[in-house]
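My notes follow the structure.

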Amino acid sequence: MRFLTDPPRFLFFTGKGGVGKTSLACATALHLAEQGKRVLLVSTDPASNVGQVLGVSIGNTITAIPDVPGLTALEIDPEAAADAYRERIIGPVRGLLPDKEIASITEQLSGSCTTEVASFNEFTDLLADPALTAAYDHVLFDTAPTGHTIRLLQLPGSWTDFLESGKGDASCLGPLAGLDKQRATYAAAVSALKDPARTRLILVTRAQASALAEVHRTFGELDQIGIHAAHLVVNGILPDIAGDEPLTLAVRDRESAALAGMPDDVAALTRDAIDLKPDNMMGLPALRSLLTSDTPPDTATMPTVEVDLTGHSLASLVEQIEADGHGVVLCMGKGGVGKTTIATAIAVALAHRGHDVHLATTDPAAHLDETLHGAVDHITVSRIDPVQATAEYRDRIMTTRGKNLDDAGRANLAEDLLSPCTEEVAVFQQFARLVLGASKQFVIIDTAPTGHTLLLLDAAGSYHRDVARQMGETMHYRTPLMVLQDPDHTKVVLVTLPEPTPVIEARVLQDDLRRAGITPWAWVVNNSVAAAGPQSPFLKQRAAAELAQITEVENISARIAIVPLLPAEPIGEERLGELTLATSPFRDCPTGVLGP
């Protein structure tokens, strides 16, 4: 593997969700440790599952991996980091200030911005403080899905700019207290990220058009902020031993076409290719097999499991959604599991039945237009663009709150609005308008990958608490969070792949949602090899490996749809519409649904 040649001290693995970043980061950490290196593997993903992949409970403390001398791991826990951050600010003044003042500071520090600031501080400390990582030869970062990572990597620059231009005195400064002290840390972190002698950024992808488009976007965005990727790893290539049945031939054609269509700048990167393995990448033996192709798996020993997943179709979910006449459908899950495809297919199906649909996305890396591939009657498409939303928010605040201020006051307000936290507020306000606008039509929302969405829901929770405190118990009000909690108005559809990591992360997301009072309505298992009716021993082994995940989902949710792996990408109105037909033309048997 060329990305392992003379590796620098810091290795970043990033890319679209579901492409295998965590597996590759864990396998690389294991490889380096077994070469005698001292390795620290860090996950910055709010929905990290490094512990599950390595078979160890890790959490927010550096933990040694048993049976692998030299390998340690850390999962930065956003909530634990935020708790510690709050305590560092509140602890010294507790007992000195009045309770009312302490409560006010606590409320200021309860939003999503505090969570991001706290996680970010842990991340930058590891990059910028040599003393913290002096015990390691290599520090590997398994990053959050692309949109979150881009934001994380951009923050050093934007916060440095914010500090350079001074700061105001508005709402966001609670969580930003003490930023001056971090100036040197942020500058050092930016320097480390831009230095190829110290940092190597590895873009991970699948041989799929959407994943490669994401890589291209990431490549360009990172390049603009001075971080230059040099390596590309194409993971999960269908190997020759998968046979030559029609399904594998079609998938190979898709992979070849996607790789041939790569933009020139991405194609010019140093590239490695990793074959799809017959088993899931869980545990040390499986991880050791990921980076080697010396001993291909023996198909003669593979099980010949016949899988029957026939039943209800994805159309049955659409019929139940349609029955209410309007409402919000929120498609959520780990990045790369097909949320955009499922959200768009549901929107097309409702539009074909004559309903007005607003199809929107909160994903910074959204590609609704590419999936829909043209206008569809009855569908309005929109995207919450963080940059545009922030600009509109700043203009609105300056023309309302700022109109009666003097020059000095307007200058202070303008400085305050340069805070990176302004984006969170601006994006949340547009999200709230979307949610509240579904009383007369269907609003289908394709959400950002899990971590980013949790920050958005956290903002909804903070807003709800603020409104509840101001309105008291006697006034009537309805916040976006209350709409999301109302099962008669909002249906949350969790989308996953039939693989351990996406199922684990979706299960964690379901737990997080329930703590926020939101009960997921249905699960969709996407890209199922088992549901596609494979014939070759290799694909049957992959299908058999899916069954444990499908059974787990069946035990978690009473309403499940299973969408098969398709020989052709579901792009465009016609193919998206076919996804929600009772009998899919993409395969010989009906699309399966387990449960009622």
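These entries cover a helix packing first, then the cavities.

**Ground rules.** The model is predicted; local features need pLDDT of at least 70, side-chain atom pairs count only at pLDDT 80 or more, and totals for chains, interfaces and linings use all residues. Residues are numbered from 1 along each chain as its sequence is written, and side-chain values use heavy atoms, without hydrogens and water.

**Helix pair.** I looked up α20 (residues 500-515) and α21 (residues 537-556). Helices here are DSSP runs of H or I with at least four residues, and strands are E runs of at least two, numbered from the N terminus. The two axes lie 10 Å apart, at an angle of about 15°. That makes α20 roughly parallel to α21 (angles under 35 degrees count as such).

I then listed the contacts (heavy atoms within 4.5 Å). P500, V503, R507 and Q510 of α20 meet Q549, E552, V553 and I556 of α21. By class, I find 4 nonpolar, 2 polar and 2 charged residues in this contact. Ala, Val, Leu, Ile, Met, Phe, Trp, Tyr, Cys and Pro count as nonpolar, Asp, Glu, Lys and Arg as charged, and the others, Gly among them, as polar.

**Cavities.** I found 5 cavities of 30 Å³ or more. A cavity is a set of points on a 1 Å grid where a 1.4 Å probe fits but cannot get out; lining residues have an atom within 4 Å of a point.

Methods: Axes fitted to C-alpha atoms, helices over the stretch in contact; angles between N-to-C directions. Parallel < 35°, antiparallel > 145°, perpendicular 65-115°, else oblique. 1 Å grid on protein atoms, 1.4 Å probe; cavity = no way out; pocket = protein on both sides within 12 Å on 5 of 7 lines; lining within 4 Å. Points joined across faces, edges and corners; volume = space filled by probe spheres on them.
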